[in-house]
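Have the structure open as you read.

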Amino acid sequence: WVLYSLGHFAPLGARIRGLFLKHKKTGNPLVDSVAEHSATSNQAYAQFLGDARFVAAVGLLFCWHQRTPAKIFPVIYAAVAWHFSGKMSRLMIICGPIVSMLAGYPVGIVVDWCLQQFLNLLCAPRPLAEPQKELRSGGMGSIFRVLWSYCQPMALPTEAQDTLKLLEDIHGQFPRPCRAIRCSVAIMVLVTGYVNIREPTKKFIRECEEIAPHMGHPSIVFKSGQGLITDYLDGYKWMKDNTPADARVMAWWDYGYQITGIGNRTSIADGNTWNHEHIATLGRTLTNPEKKAHNIMKHLADYVLVWAGGHGDDMGKSPHLARIANSVFPDTCGEDDPTCRKFGFTHTGEPTEMMASSFLYKAVKHNMEGVRLDPKLFKEVHTTKYGLMRIFKVLGVSEESKNWIADPANRKCDAPGSWYCVGQYPPALSKLIAKRKNFAQLEDFNRKDGEKSAYTRMVEEKMKREEAGWDDNI
């Protein structure tokens with residue numbers, strides 16, 4: 001605690017602290033907008049772990065018969081995997097190794113016993129009576145013996161003890177017939193196990209083979225009734241071949257890696273952008289009315305890219321953009337609308353006034369349903385075959401701001417000559433940046449200068465009601 005107070009440890013973000021909160025929301029609209037951050041359902045455990053999770057529960061019991069690091073480790077691993085996978089669905093992956101390990105314990109013990117019976121039949125010597133061992137007094141061994149003296153009558157009745165003693169005596173006098181009987185039992189166990197596990201194993205393998213293509217194929221190429229849809233891939237390739245090498249492309253942060261990796265162009269934000277305020281500024285720009293959006297874009301980007309067509313497009317994500325923007329720019333939707341219902345659609349499917357005037361809506365619907373971007377501000381340069389991606393050129397780009405951003409002297413490095421250098425916004429956007437309120441997250445102990453957004457306060461109030469036993473659905 002002392003070292004943390006002195007600033008020797010990096011602050012914890014909402015993604016990390018969300019793993020320890022018992023509530024479904026973290027109070028950060030950016031983190032809450034990502035589906036992989038949601039809690040894991042029982043259906044997901046059944047789908048990805050199968051019946052092996054039940055065998056693993058039995059295997060967990062076998063970890064207690066030996067108190068060694070090798071047996072304590074799986075218990076700790078299982079506890080950690082169970083807790084964190086339940087908090088975030090993407091962490092389901094950490095359950096795979098431990099479930100496989102624990103499921104192997106009971107199976108391995110049974111198989112070992114069966115193989116041992118065959119070895120005993122072939123080459124084991126005649127059993128000899130074990131010499132009486134002198135029991136050491138004191139220590140944990142003495143404590144266990146005392147406890148066992150009380151628990152043994154309940155766990156192992158006298159009749160069972162006599163039966164076990166009789167079997168040992170018979171085995172000592174007639175070892176080979178007993179070993180043959182044990183081999184027969186071992187064969188029955190192996191055959192029964194194989195017959196019963198064969199179909200569930202085939203079913204699980206078949207399900208894995210069915211799921212793998214859906215999880216493994218690139219999300220930007222998919223099949224439909226029209227055949228193989230390559231709109232997104234084609235769009236990025238067009239960008240690479242038809243835009244200047246130093247072009248800057250603005251899009252929602254979801255597509256940042258694809259713009260950089262496939263399109264080979266500079267993106268304004270991507271999945272590694274931890275700066276909440278920057279993501280909120282991007283959301284503010286895209287959800288702004290067309291003219292206001294252009295006033296910001298011309299200082300930051302040369303092109304704007306949107307996903308359209310209804311296949312997970314930007315319209316479906318648009319409430320999150322406005323909600324995140326509102327957490328830093330409270331005037332986006334207002335303090336009275338933390339979830340930004342103003343930026344959406346009515347029950348009849350019509351866009352709200354705020355949605356209809358936004359750049360995002362006009363870009364997605366450009367030249368459709370009577371909607372059109374101002375040709376003096378934006379020029380449509382490419383729309384893919386099925387209309388899933390649309391690229392617009394920003395007209396009237398500020399060369400002064402572009403040169404200012406490109407100047408290395410305007411970058412903030414954590415040390416002279418360091419590779420880690422944070423860029424800055426051009427001076428022309430100083431008024432916009434001055435409107436930002438540093439975001440303070442739920443239970444935030446990292447930053448003391450931030451003011452909690454309306455969304456965060458809404459989540460906190462809901463948490464208080466839940467703790468008090470109030471049900472919002474009543």
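β6 and β7 make a hairpin with 5 residues between them, and G387 in the turn has a positive phi of about 75°. Helices (H or I, at least four residues) and strands (E, at least two) are DSSP runs numbered from the N terminus. This is a predicted model: local features need pLDDT of at least 70, side-chain atom pairs count only at pLDDT 80 or more, and totals for chains, interfaces and linings use all residues. Residues are numbered from 1 along each chain as its sequence is written, and side-chain values use heavy atoms, with hydrogens and water left out.

Strand β7 (residues 389–394) is largely enclosed by the rest of the structure, because 5 of its 6 residues are buried (under 20% relative accessible area, with a 1.4 Å probe and protein chains only).

Now turn to helix α15 (residues 314–328), where you will find N326. With 5% relative accessibility, N326 counts as buried. A polar atom of the N326 side chain lies 2.9 Å from the backbone nitrogen of C333. Beyond its neighbours within four places in sequence, N326 is in contact (heavy atoms within 4.5 Å) with residues including D331, G334 and C340.

Technical notes
Buried < 20%, exposed > 50% of the residue type's maximum accessible area, 1.4 Å probe, protein only. Polar contact = N/O pair within 3.5 Å; in protein donor to acceptor, adjacent residues only side chain to side chain. Pairing = 2+ DSSP bridges.
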